[in-house]
Amino acid sequence: MIKIAPSILSANFSRLADEIKDVERGGADYIHVDVMDGHFVPNITIGPLVVEAIRPITTLPLDVHLMIEDPDQYIPLFAKAGADIISVHVEACTHLHRTIHHIKDLGIKAGVVLNPGTPVSFIETVIEDVDLVLLMTVNPGFGGQAFIPSVLKKIKEVSELANNRNLHIDIEVDGGVNEETARACVAAGANVLVAGSAIYNEKDRQQAIAQLRG
Ligand code: DX5
Ligand code: ZN
(Lines give C-alpha, C1' and ligand atoms only; values in the text may rest on other atoms or scores of the structure.)
(Ligands and ions follow the chains in the order given, each with its own letter.)
Protein backbone atom coordinates (compact mmCIF):
# COMPACT_ATOMS: atom_id res chain seq x y z
CA MET A 1 0.00 0.00 0.00
CA ILE A 2 1.55 3.27 -1.19
CA LYS A 3 1.18 6.33 1.02
CA ILE A 4 1.28 9.87 -0.36
CA ALA A 5 2.71 12.71 1.73
CA PRO A 6 2.14 16.13 0.12
CA SER A 7 4.87 18.60 1.08
CA ILE A 8 3.31 21.92 2.10
CA LEU A 9 6.55 23.66 1.09
CA SER A 10 4.99 24.04 -2.37
CA ALA A 11 1.58 25.15 -1.01
CA ASN A 12 0.31 28.73 -1.03
CA PHE A 13 1.30 29.81 2.50
CA SER A 14 -1.26 32.63 2.56
CA ARG A 15 -3.99 29.98 2.38
CA LEU A 16 -2.28 27.16 4.25
CA ALA A 17 -5.38 25.77 5.98
CA ASP A 18 -7.27 25.44 2.68
CA GLU A 19 -4.22 23.94 0.98
CA ILE A 20 -3.99 21.25 3.68
CA LYS A 21 -7.72 20.50 3.61
CA ASP A 22 -7.58 20.23 -0.16
CA VAL A 23 -4.98 17.43 -0.13
CA GLU A 24 -6.72 15.69 2.76
CA ARG A 25 -9.93 15.62 0.70
CA GLY A 26 -7.81 14.51 -2.26
CA GLY A 27 -6.71 11.32 -0.48
CA ALA A 28 -3.35 12.23 1.10
CA ASP A 29 -2.05 9.91 3.84
CA TYR A 30 0.38 12.25 5.65
CA ILE A 31 1.09 15.98 5.64
CA HIS A 32 4.83 16.46 5.07
CA VAL A 33 6.27 19.51 6.87
CA ASP A 34 9.72 20.73 5.79
CA VAL A 35 11.58 22.52 8.56
CA MET A 36 14.73 24.39 7.42
CA ASP A 37 17.02 26.56 9.51
CA GLY A 38 19.28 28.37 7.02
CA HIS A 39 22.31 26.48 8.40
CA PHE A 40 21.91 22.77 7.65
CA VAL A 41 20.29 23.77 4.36
CA PRO A 42 20.41 27.11 2.51
CA ASN A 43 16.76 28.02 3.13
CA ILE A 44 14.54 29.03 6.05
CA THR A 45 10.97 27.76 6.25
CA ILE A 46 8.73 27.06 9.20
CA GLY A 47 8.99 26.24 12.89
CA PRO A 48 6.94 24.76 15.74
CA LEU A 49 4.46 27.68 15.76
CA VAL A 50 3.22 26.77 12.29
CA VAL A 51 3.03 23.07 13.18
CA GLU A 52 0.90 24.02 16.19
CA ALA A 53 -1.32 26.20 14.00
CA ILE A 54 -1.99 23.49 11.41
CA ARG A 55 -2.46 20.67 13.94
CA PRO A 56 -6.21 21.29 14.39
CA ILE A 57 -6.71 21.75 10.62
CA THR A 58 -6.25 18.07 9.74
CA THR A 59 -6.61 14.59 11.22
CA LEU A 60 -3.77 13.29 9.02
CA PRO A 61 -0.43 12.49 10.67
CA LEU A 62 2.04 15.38 10.53
CA ASP A 63 5.29 14.04 9.06
CA VAL A 64 7.90 16.55 10.22
CA HIS A 65 11.20 16.55 8.30
CA LEU A 66 13.85 18.41 10.29
CA MET A 67 16.57 19.91 8.09
CA ILE A 68 18.21 21.72 10.98
CA GLU A 69 21.41 21.69 12.99
CA ASP A 70 21.20 20.49 16.59
CA PRO A 71 17.77 18.83 16.19
CA ASP A 72 17.74 17.64 19.84
CA GLN A 73 17.20 21.18 21.00
CA TYR A 74 13.95 21.48 19.00
CA ILE A 75 12.49 17.95 19.10
CA PRO A 76 10.43 18.61 22.29
CA LEU A 77 8.97 21.77 20.74
CA PHE A 78 7.84 19.94 17.60
CA ALA A 79 6.45 17.10 19.73
CA LYS A 80 4.45 19.56 21.82
CA ALA A 81 3.25 21.31 18.66
CA GLY A 82 1.65 18.06 17.46
CA ALA A 83 4.11 16.21 15.22
CA ASP A 84 3.28 12.51 14.72
CA ILE A 85 6.53 11.55 12.98
CA ILE A 86 9.83 13.39 13.39
CA SER A 87 12.68 12.59 11.02
CA VAL A 88 16.27 13.71 11.54
CA HIS A 89 19.21 13.73 9.16
CA VAL A 90 22.13 11.44 10.03
CA GLU A 91 24.37 14.25 8.75
CA ALA A 92 23.03 16.56 11.49
CA CYS A 93 23.21 14.13 14.43
CA THR A 94 26.42 13.55 16.38
CA HIS A 95 24.64 11.10 18.68
CA LEU A 96 22.17 9.56 16.25
CA HIS A 97 21.07 6.68 18.49
CA ARG A 98 20.38 9.07 21.36
CA THR A 99 18.42 11.46 19.15
CA ILE A 100 16.22 8.66 17.75
CA HIS A 101 15.39 7.53 21.28
CA HIS A 102 14.80 11.10 22.35
CA ILE A 103 12.01 11.24 19.73
CA LYS A 104 10.58 7.85 20.69
CA ASP A 105 10.61 8.65 24.39
CA LEU A 106 8.23 11.52 23.59
CA GLY A 107 5.77 8.97 22.15
CA ILE A 108 6.40 9.97 18.54
CA LYS A 109 7.44 7.89 15.54
CA ALA A 110 11.10 8.37 14.63
CA GLY A 111 12.56 8.59 11.16
CA VAL A 112 16.11 8.83 9.94
CA VAL A 113 17.07 10.70 6.74
CA LEU A 114 19.97 10.25 4.31
CA ASN A 115 21.12 12.91 1.86
CA PRO A 116 21.82 11.67 -1.68
CA GLY A 117 25.57 11.59 -1.02
CA THR A 118 25.36 9.61 2.24
CA PRO A 119 25.65 5.81 2.01
CA VAL A 120 23.08 3.40 3.47
CA SER A 121 25.78 1.94 5.74
CA PHE A 122 25.32 5.01 7.98
CA ILE A 123 21.98 3.67 9.23
CA GLU A 124 22.81 -0.04 9.51
CA THR A 125 23.31 0.25 13.26
CA VAL A 126 20.06 2.11 13.97
CA ILE A 127 17.56 0.71 11.47
CA GLU A 128 16.06 -1.55 14.18
CA ASP A 129 15.29 1.57 16.25
CA VAL A 130 13.37 3.60 13.66
CA ASP A 131 9.85 3.56 12.22
CA LEU A 132 10.87 5.15 8.94
CA VAL A 133 13.87 5.65 6.67
CA LEU A 134 13.68 8.71 4.44
CA LEU A 135 15.91 8.78 1.39
CA MET A 136 16.43 12.22 -0.12
CA THR A 137 16.17 12.05 -3.90
CA VAL A 138 17.36 15.68 -4.20
CA ASN A 139 19.82 17.67 -2.12
CA PRO A 140 17.53 19.20 0.51
CA GLY A 141 16.70 22.91 0.63
CA PHE A 142 14.16 23.65 -2.07
CA GLY A 143 11.09 22.25 -3.76
CA GLY A 144 10.93 21.69 -7.49
CA GLN A 145 14.39 20.16 -8.03
CA ALA A 146 15.23 17.28 -10.38
CA PHE A 147 15.16 13.68 -9.08
CA ILE A 148 18.62 12.10 -8.63
CA PRO A 149 18.36 8.59 -10.18
CA SER A 150 21.43 7.15 -8.38
CA VAL A 151 19.35 7.07 -5.17
CA LEU A 152 17.22 4.23 -6.62
CA LYS A 153 20.03 1.81 -5.77
CA LYS A 154 19.96 3.04 -2.16
CA ILE A 155 16.19 2.50 -1.93
CA LYS A 156 16.77 -1.10 -2.96
CA GLU A 157 19.57 -1.47 -0.41
CA VAL A 158 17.36 -0.16 2.44
CA SER A 159 14.51 -2.39 1.32
CA GLU A 160 16.78 -5.45 1.31
CA LEU A 161 18.29 -4.50 4.66
CA ALA A 162 14.81 -4.20 6.21
CA ASN A 163 13.66 -7.51 4.66
CA ASN A 164 16.79 -9.35 5.78
CA ARG A 165 16.21 -8.21 9.33
CA ASN A 166 12.45 -8.79 9.13
CA LEU A 167 11.65 -5.14 9.88
CA HIS A 168 8.36 -3.52 8.85
CA ILE A 169 9.46 0.05 8.43
CA ASP A 170 8.29 2.75 6.05
CA ILE A 171 10.69 3.62 3.24
CA GLU A 172 10.00 7.20 2.19
CA VAL A 173 11.44 9.19 -0.72
CA ASP A 174 11.53 12.97 -0.96
CA GLY A 175 12.44 15.27 -3.84
CA GLY A 176 11.60 15.38 -7.53
CA VAL A 177 8.88 12.76 -7.14
CA ASN A 178 6.46 12.83 -10.08
CA GLU A 179 4.34 10.23 -11.84
CA GLU A 180 7.35 8.77 -13.63
CA THR A 181 9.94 8.81 -10.82
CA ALA A 182 7.30 7.56 -8.36
CA ARG A 183 7.04 4.30 -10.37
CA ALA A 184 10.80 3.79 -10.19
CA CYS A 185 10.87 4.47 -6.43
CA VAL A 186 8.04 2.05 -5.72
CA ALA A 187 9.67 -0.61 -7.91
CA ALA A 188 12.88 -0.17 -5.87
CA GLY A 189 10.97 -0.65 -2.59
CA ALA A 190 9.67 2.75 -1.42
CA ASN A 191 6.17 2.86 0.10
CA VAL A 192 5.82 6.52 1.14
CA LEU A 193 6.11 9.21 -1.55
CA VAL A 194 6.63 12.85 -0.60
CA ALA A 195 5.61 15.26 -3.35
CA GLY A 196 5.52 19.04 -3.28
CA SER A 197 5.37 20.53 -6.76
CA ALA A 198 3.83 17.42 -8.38
CA ILE A 199 0.76 17.96 -6.17
CA TYR A 200 0.62 21.67 -5.33
CA ASN A 201 1.41 22.91 -8.85
CA GLU A 202 -1.65 21.01 -10.12
CA LYS A 203 -5.15 22.43 -9.92
CA ASP A 204 -6.76 19.05 -9.26
CA ARG A 205 -4.91 17.69 -6.22
CA GLN A 206 -7.07 14.58 -5.99
CA GLN A 207 -6.07 13.60 -9.51
CA ALA A 208 -2.40 14.41 -8.86
CA ILE A 209 -2.41 12.21 -5.74
CA ALA A 210 -4.17 9.35 -7.58
CA GLN A 211 -1.62 9.53 -10.40
CA LEU A 212 1.30 9.35 -8.00
CA ARG A 213 -0.28 6.38 -6.23
CA GLY A 214 -0.43 4.64 -9.61
C1 DX5 B 1 13.34 19.36 -0.12
C2 DX5 B 1 12.16 19.02 0.76
C3 DX5 B 1 11.08 18.37 0.00
C4 DX5 B 1 10.47 19.23 -1.07
C5 DX5 B 1 9.96 18.35 -2.15
O6 DX5 B 1 14.37 19.84 0.65
O7 DX5 B 1 12.57 18.13 1.80
O8 DX5 B 1 10.08 17.83 0.85
O9 DX5 B 1 9.43 20.04 -0.61
O10 DX5 B 1 9.49 19.13 -3.21
P11 DX5 B 1 9.34 18.54 -4.68
O12 DX5 B 1 8.40 17.39 -4.60
O13 DX5 B 1 8.81 19.69 -5.46
O14 DX5 B 1 10.73 18.10 -5.12
ZN1 ZN C 1 10.99 16.95 3.01
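Select H65 to begin: this residue counts as buried because 27 C-beta neighbours lie inside 10 Å (buried takes 20 or more other C-beta atoms within 10 Å, exposed 12 or fewer, partly exposed anything in between, with C-beta atoms placed from the backbone). The residue sits in strand β3, residues 62–67 (strands are DSSP runs of E, at least two residues, and helices runs of H or I, at least four, numbered from the N terminus).

This is a predicted model, in which local features need pLDDT of at least 70 and side-chain atom pairs count only at pLDDT 80 or more, while totals for chains, interfaces and linings use all residues. Residues are numbered from 1 along each chain as its sequence is written, and chains are lettered from A and ligands numbered from 1 in the order in which they are written. The chain averages a pLDDT of 98 (the predictor's confidence in each residue, from 0 to 100).

Next, show the contacts of H65, leaving aside neighbours within four places in sequence: among them are H32, D34 and D174 (contact puts C-beta atoms, placed from the backbone, within 7 Å).

Move to H32, in strand β2. H32 counts as buried because it has 28 C-beta neighbours inside 10 Å. Beyond four places in sequence, its contacts include S7, D63 and V194.

Now select H32, D34, H65 and D174 together; an unreviewed UniProt entry lists them under "binding site", and such annotations may be inferred rather than shown by experiment. They are spread over 143 residues of sequence, yet the largest C-alpha distance is 10.4 Å.

Finish at ligand 1, surrounded by 21 residues, with S7, P140, G143, G196 and S197 the closest (near means a C-beta atom, placed from the backbone, within 6 Å). Elements giving two or more residues to this shell are β2, β8 and α7.

Technical notes:
Contact = placed C-beta atoms within 7 Å.
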